[in-house]
Amino acid sequence: MILWGKISQFSVFMVLQLLAGYRKSGLLELEDNDEQAIIYLKDGYIEAVSVPRSDHLLGARLIKAGLITQADLRKITIASALTEKREFLGIALMSSGMIEKQAIATVISDQAYENTLELSNWVEGTFKFVVPTKPVVFPISPHINVQHLLLETSRRLDEGQRPTRAKQSPTDE
């Protein structure tokens with residue numbers, strides 16, 4: 001563990017700016033009571049943001065974006081299950097020619113922005129930054145500039161967009 005602390009003293013945005021400024025690679029693990037999130041960084045850029053309670057499956061996001069149909073998703077899922085080599089959904093869709101890599105990266109990027117909006121609501125809990133022994137490699141990554149992500153999240157908050165799920169304080173439970 002390289003860096004750790006309390007979110008109440010160092011906001012998620014503050015920590016991200018620090019890590020991006022020093023072009024760090026690793027995992028920023030966030031925890032607040034029963035919630036957890038992970039931000040994957042490579043050379044100071046965000047590769048993925050996972051907030052399990054807010055994450056939606058890639059297939060559902062691609063359907064919602066109108067990039068594939070439910071039938072397309074079912075077809076590729078069945079075809080993938082019948083092969084010995086299991087592939088990530090995005091890779092299987094690209095291999096089949098149903099969708100371009102950039103379209104998938106855009107959907108993943110949108111998810112990262114939405115998840116960061118969720119994390120902007122976190123004011124309690126802890127963070128720790130760790131560098132795994134084996135780097136985490138994503139086959140499709142939006143490679144997001146932290147400054148741009150934070151500015152866009154701030155813009156969305158200024159325009160009245162709020163996280164989809166309100167964060168409860170320990171006294172609300």
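**Core.** I started with the largest nonpolar core of this predicted model. A nonpolar core here is a set of buried Ala, Val, Leu, Ile, Met, Phe, Trp, Tyr and Cys residues joined through side-chain atoms within 4.5 Å. Buried means under 20% relative accessible area (exposed is over 50%, partly exposed in between; 1.4 Å probe, protein chains only). The core has 25 residues, and L16, L28, L30, I39, L41, I46 and L119 touch the most other members. At least two residues each come from α1, β2 (26-32), β3 (35-42), β4 (45-50), α5 (101-119), β5 (126-130) and α6. I noted α1 as the source of the largest share, six residues. Helices (H or I, at least four residues) and strands (E, at least two) are DSSP runs, numbered from the N terminus.

I then listed the neighbours of I39, leaving out residues up to four places away in sequence. I39 touches V12, L16, G26, L27, L28, L30, I46, A48, V49 and L119. Contact means heavy atoms within 4.5 Å. I also found a second, separate core of twelve residues, with I76, I99, A105 and I140 among them.

**Ground rules.** Residues are numbered from 1 along each chain as its sequence is written. Local features need pLDDT of at least 70, side-chain atom pairs count only at pLDDT 80 or more, totals for chains, interfaces and linings use all residues, and side-chain values use heavy atoms, with hydrogens and water left out.

**α1 and α6.** I looked up the axes of α1 (residues 12-21) and α6 (residues 146-158): they come within 9 Å and cross at roughly 160 degrees. Axes are lines fitted to C-alpha atoms, for helices over the stretch in contact, and angles run from 0 to 180 degrees between N-to-C directions. The two helices are therefore roughly antiparallel (over 145 degrees; under 35 is roughly parallel, 65 to 115 roughly perpendicular, the rest oblique). On the α1 side I see F13, L16, Q17 and A20, which meet V146, Q147, L150, T153 and S154 in α6. These contact residues divide into five nonpolar, four polar and no charged. Ala, Val, Leu, Ile, Met, Phe, Trp, Tyr, Cys and Pro count as nonpolar, Asp, Glu, Lys and Arg as charged, the others, Gly among them, as polar.

**α5 and α6.** Here the axes come within 10 Å and cross at roughly 65 degrees. A112, Y113, E114, T116 and L117 in α5 meet H148, L149, E152, T153, R156 and L157 in α6. I count this contact by class as five nonpolar, three polar and three charged residues.

**G5.** G5 lies in strand β1 (residues 3-6). G5 is buried, at 18% relative accessible area.
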